[in-house]
Amino acid sequence: MQTRTLGKTGLEVTQLGYGTMGLRGPKTWGVRVVDENEADRFLNQVLDSGINFIDTSPDYGIAEERIGRYISSRRNEFILATKCGCCPVQHDDHLEVKHEWNAELLERNIETSLRRMRTDYIDLLQFHGGDAETLQSEGLVETMLKFHDQGKIRRIGMSNSLPNLLDLIDLEVFDTFQMPYSCLSPEHEDCMNRAAAQGAGIIIRGGIAKGGPDAEIQRENLKTVWERSKLDELLDVGMSRAELILRYTLSHPNCHTTIVGTCNEEHFAENLASANKGPLAPDVFAEITRRVNQHIAHN
Ligand SMILES: NC(=O)c1ccc[n+]([C@@H]2O[C@H](COP(=O)([O-])OP(=O)(O)OC[C@H]3O[C@@H](n4cnc5c(N)ncnc54)[C@H](OP(=O)(O)O)[C@@H]3O)[C@@H](O)[C@H]2O)c1
């Protein structure tokens, strides 16, 4: 599988990574619940396929526990990224996701994540949001550096989106940035390029545009971009819409890895096959970009 260097972290990551939000379990949010057997099978299948980058968060219900339960015995096979600043509240029937920015919570998050995932180190600990001013006034980058010196974490990352990302990139303190990007939602491309130019590793979420027009859970805004840009016209014979979307993301020179979240065996196999086909032809990539930009300019 195609690998890239995750910026200044120096880590060699598979360009197709895996996001575990779908493994959050019951009484969280959304309609689908993945059971224990499926979680075990998915996580092991991810590693069997050669994928070596896994993203999770204390906010994703029991996803961290499942990583610990099912693949901690294979810890040397994957680069583990989780998040902090998370104080989710479990209600009777759903999980409320909340974030706070203070050193005590970060301490609690890291200890809980290590215990849940049955590991003694996290490769990449990412702030799960926040803004530059608060993180600085609370001294939270220093808190992260302390975790680093204690051997609990190897690298410090930021997972965020516009508008906060701009000031956060300017701080020049993060090893990686996680942000959304796909041909159907390219708004963060400038952020990607700015952060990559500083040498940061770039982790893309939403890289398959949440399944695009064929998603089980439909996102009308993404579907509209697909339809108005007439992207069906650019599909090769036998190419699915999800393949075009994923390979477009993987074609971007600054997408070091994209953490596609799927909990469907067929989709997983399809995504692997798409990733193995490599980047789109440059003229197809350019034409998709042109059409989508034209659509965005008119809206
Ligand atoms: N703020 C943050 O830090 C943040 C926020 C959101 C997400 N994330 C991370 O990013 C990961 C991915 O994010 P995301 O879920 O927003 O975006 P995504 O990976 O673009 O979308 C995942 C959705 O796409 C569907 N899908 C995947 N492959 C498909 C295929 N071949 N055909 C049709 N549908 C397909 C999946 O459904 P099926 O299961 O049916 O395949 C799932 O509903 C998460 O797991 C999480 O690790 C981080």
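**Notebook: helix packing, ligand shell and backbone geometry**

A crossing is right-handed if the near helix is turned clockwise from the far one by less than a right angle, and left-handed if anticlockwise. I worked on a predicted model, in which local features need pLDDT of at least 70 and side-chain atom pairs count only at pLDDT 80 or more, while totals for chains, interfaces and linings use all residues. I number residues from 1 along each chain as its sequence is written. Helices (H or I, at least four residues) and strands (E, at least two) are DSSP runs, numbered from the N terminus.

**Entry 1: H3 and H5.** I noted that H3 (residues 103–116) and H5 (residues 140–149) pack at about 30°, with their axes 10 Å apart. Axes are lines fitted to C-alpha atoms, for helices over the stretch in contact, and angles run from 0 to 180 degrees between N-to-C directions. The two helices are therefore roughly parallel to each other. Angles under 35 degrees count as roughly parallel, over 145 as roughly antiparallel, 65 to 115 as roughly perpendicular and the rest as oblique. I listed the contact residues as Ala 103, Leu 106 and Ile 110 of H3 with Leu 140, Thr 143 and Phe 147 of H5. Two residues are in contact if their C-beta atoms, placed from the backbone, lie within 7 Å. This H3–H5 contact has 5 nonpolar, 1 polar and no charged residues. Ala, Val, Leu, Ile, Met, Phe, Trp, Tyr, Cys and Pro count as nonpolar, Asp, Glu, Lys and Arg as charged, and the others, Gly among them, as polar.

**Entry 2: H1 and H2.** I found that the axes of H1 (residues 36–48) and H2 (residues 63–71) come within 9 Å and cross at roughly 70°. H1 is therefore roughly perpendicular to H2. The crossing of H1 over H2 is right-handed. From H1, Ala 39, Asp 40, Leu 43, Asn 44 and Leu 47 make the contact with Arg 66, Ile 67, Tyr 70 and Ile 71 of H2. I counted 6 nonpolar, 1 polar and 2 charged residues there.

**Entry 3: H9 and H10.** I recorded an angle of about 45° between H9 (residues 241–251) and H10, with axes 9 Å apart. H9 is therefore oblique to H10. H9 passes H10 in a right-handed crossing. The residues of H9 that meet H10 include Glu 243 and Arg 247, and those of H10 include Glu 270 and Lys 277. By class, this contact has 4 nonpolar, 2 polar and 4 charged residues.

**Entry 4: ligand shell.** I found 29 residues around the ligand, of which Gly 19, Met 21, Gly 211, Gly 261 and Thr 262 come nearest. A residue is near a molecule if its C-beta atom, placed from the backbone, lies within 6 Å of it. Strand S12 (257–260) and helix H10 (265–277) are the elements that give two or more residues to this shell. H10 gives the most, with 3 residues. I noted 9 nonpolar, 14 polar and 6 charged residues in the shell.

**Entry 5: backbone.** Most residues other than glycine have a negative phi, and most peptide bonds are trans. I found a cis peptide bond from Leu 162 to Pro 163, with omega near 5°. Pro 163 lies in the loop between strand S9 (153–159) and helix H6 (164–171). Arg 118, not a glycine, has a positive phi of about 50°. I placed Arg 118 in the loop between H3 and strand S8 (122–128).
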